[in-house]
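This report describes selected features of the structure shown below.

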Amino acid sequence: MSSESLVPLSQGAGYGVVVGIGLVFGIGMVLVNRFLERYLNEKSDHTEMFMVANRSVGTGLTASAVVSSWMWATAIIWTTAQGYLYGIAAPFWYAAGVSIQIALMTVLAIHAKVKVPNGHTVLEIVRLRYGTAAHIIYIFLCFATNLLSVTAMILGAAGVITSLTGMHIVASTFLLPLGVIVYTVAGGLKATFLTDYVHTLIVMVILAFLTIKVINNSAITGLSSFYDVLVEADKTRDIPGNYKGSILSFKSKSSIIFGLVHSFGDFALVLWIRVFGRRPGYMLGGIAYFAVPWAVGTTTGLAAIALERSPIFPTYPRLMTTEEINAGYVLPYTVMAIAGKGGAWALLLVVFMCVTSTTSAELIAVSSIFSFDIYRTYINPKAQDHQVIRVSHWTVIVFGVFASAFATALHYGGIDLNWMGYFLATIICPGMFPLAFTILWKKQSAPAATIAPLLGLASGIAVWLGTAYAYSGELSILSTEAQLPCLWGALTSTFSSAIYSIPDDFDWRVFLLLSEVKDESDEDTSTNSPVKDIKDLNSVTHPYPPQELKRMNRAATLAAIFSAIIGLVTWVVWPLPLYRDYIFGKSFFMGWTAVSEIWLFFCILVAVVYPVVDGRKVLARAFTLFYQSLSGKKDLQSTSPQGETSPSPAEVKEAAVSVQNRSGVLEKSD
Ligand SMILES: NC(N)=O
């Protein structure tokens, strides 16, 4: 086949989706913002609406938001490529990594909420506990983490878009974040819950369609024939480290290394980005999301193996090159083979949706670093809200363009999705233990917290490069993205930083000095210093009543138990008995794949259906407000649903903090 026939869609389709849909979302967000501002402008209604939303949309919408923000383009692109390379175990190990992160994050987040009730970002509590030097180092680590993960996503997504449309990779690299920038700055984050939901709806429905199409198309007509073609294809493969070299064995050394490297990297990522993000529904979303990499990676990764030698595969009669596999083309090629142009359109949408929602979250994380941790802390401590917001908007724009330029430079330097995926953990893991200890361990000293990540980073890089050289005799792109050096690097980065920690004794009450979110009614706007100037810690009281604290401590214990169960099930009880000399039989394979597909539909129920059921009152209220505005009957006070109790001051404050946490500092927190 000519290279022309590899590309199913026109460049116009690529530009249409990347620019057009970005614009549609941007405009949509402006309209939603207008709607929110118009009806929820008055303070009581504003907070009340958020309260109502918090109370009645909580679990369902949060689960949906978790699925949406955790749904990375790399989760489907990279897992499919690794499933193709290492067989049936690889997607499972990736999935095992994603659920445990969410569970552990929940535990950490509850602790953070109890110990730092007014905290907004992890960086501000680092500064409060360890001082300026640590703050600056952690700013750098947090920025590097966001930059590298956003670059990995852009590289993966731009590669897929190029393979589907023929659009130049530099164009997709620059235009992808452009849409996100417009959407993030224009929409602000008050409306995120809505965009999260729309993204999830579209992506989940298309993924369900694509995974079913993989099992039921003209070349694979069902689960039984899927197994048959895989057994045939297995005769042409001999995967080193797999039992009998089989794609159908769970005993796969490379798969488990893939799972480990990915899990270390992911844990560090969520830690930097989401410590204060916990809300009800987090666990549910985490469990539901397990299906996405598992089902998509298993079906499409294995289908690529099954179909690669058939005439319907885009590269036929040749096999995929290492460059294509590592750039993430396995997924688009497989989708083209099983679903043609329609499938290509569907995948284009999925990749765009995934990359916009996650990149948007990372742009906000970086904007909060610059506006909150740098600008308001060091440059203009007396900054007013509007100045902080302006800085955060500019940061989104500048960082978006910078990340595109960085991704372009990496692309021309020969770096691809696979290299980034394996390399990431070594760089972002050194802060993991010191950061978790900041919230969990009162004995971590300031010098340890300051130096340990740097020593961990240096040790990790040394071990990564040293082992890459030792294993292959050279330092090249291929040798430095090899699995073992990356695993050694990640392990060293992660655990050496824990060893470098030396004990101290910290008084948790210091964290209570962080002042609460200022709202517009605060008369004193002369200073925005978020730390109360109180010398005697005995005079500091916790803002939550004892009953609430007791409830939260109970929640932390429950979350810890639940995390242990999830960890045991997904890393031990389920996979390890399968790690033996066994090749999946037909019925076991059919059951395995069917369960992954059923789980995907469970994820749709959780992320798409449940939020609507859960939030029906808020939806009804929003539609009533909208209808009344159209018919000129806007009377906010009278539209309060009957029997709806007014939020208590504590609830209102909680709502304000929650909005602030959600939005970084992109918007006013009132
Ligand atoms: N969110 C992930 N790792 O898919």
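Contact here means heavy atoms within 4.5 Å, and helices are DSSP runs of H or I with at least four residues, numbered from the N terminus. The model is predicted, with local features needing pLDDT of at least 70 and side-chain atom pairs counting only at pLDDT 80 or more, while totals for chains, interfaces and linings use all residues. Residues are numbered from 1 along each chain as its sequence is written, and side-chain values use heavy atoms, with hydrogens and water left out.

Under that contact definition, Leu123, Glu124 and Arg127 in H5 meet Ile369, Phe372, Asp373, Thr377 and Tyr378 in H14. These residues divide into 4 nonpolar, 1 polar and 3 charged, where Ala, Val, Leu, Ile, Met, Phe, Trp, Tyr, Cys and Pro count as nonpolar, Asp, Glu, Lys and Arg as charged, and the others, Gly among them, as polar. The axes of H5 (residues 122-130) and H14 (residues 330-379) come within 9 Å and cross at roughly 35 degrees; axes are lines fitted to C-alpha atoms, for helices over the stretch in contact, and angles run from 0 to 180 degrees between N-to-C directions.

## Helix H3 against helix H16

Helix H3 (residues 73-86) packs against helix H16 (residues 417-428) at an angle of about 95 degrees, with the axes 11 Å apart. That makes H3 roughly perpendicular to H16, a term that covers angles of 65 to 115 degrees.

On the H3 side the contact involves Thr74, Ile77, Trp78, Gln82 and Tyr86, which meet Leu417, Asn418, Gly421 and Tyr422 in H16. By class, this contact of H3 with H16 has 5 nonpolar, 4 polar and no charged residues.

## Salt bridges

Side chains of opposite charge can pair when their charged atoms come close. A search of the whole structure finds 5 salt bridges, each being a side-chain nitrogen of Lys or Arg within 4 Å of a carboxyl oxygen of Asp or Glu. In one of these, Asp228 pairs with Lys586, the closest N and O atoms being 3.2 Å apart. The pair links distant parts of the chain, with Asp228 in helix H9 (residues 223-234) and Lys586 in helix H22 (residues 586-614), 358 residues apart.

## Backbone details in loops

The peptide bond from Tyr316 to Pro317 is cis, with omega near 10 degrees, and Pro317 is placed in the loop between helix H12 (291-307) and helix H13 (322-326).

Lys244, although not a glycine, has a positive phi of about 50 degrees; Lys244 is found in the loop between H9 and helix H10 (253-274).

Methods. Helix = DSSP H or I, 4+ residues; strand = E, 2+ residues; numbered from the N terminus. Parallel < 35°, antiparallel > 145°, perpendicular 65-115°, else oblique.
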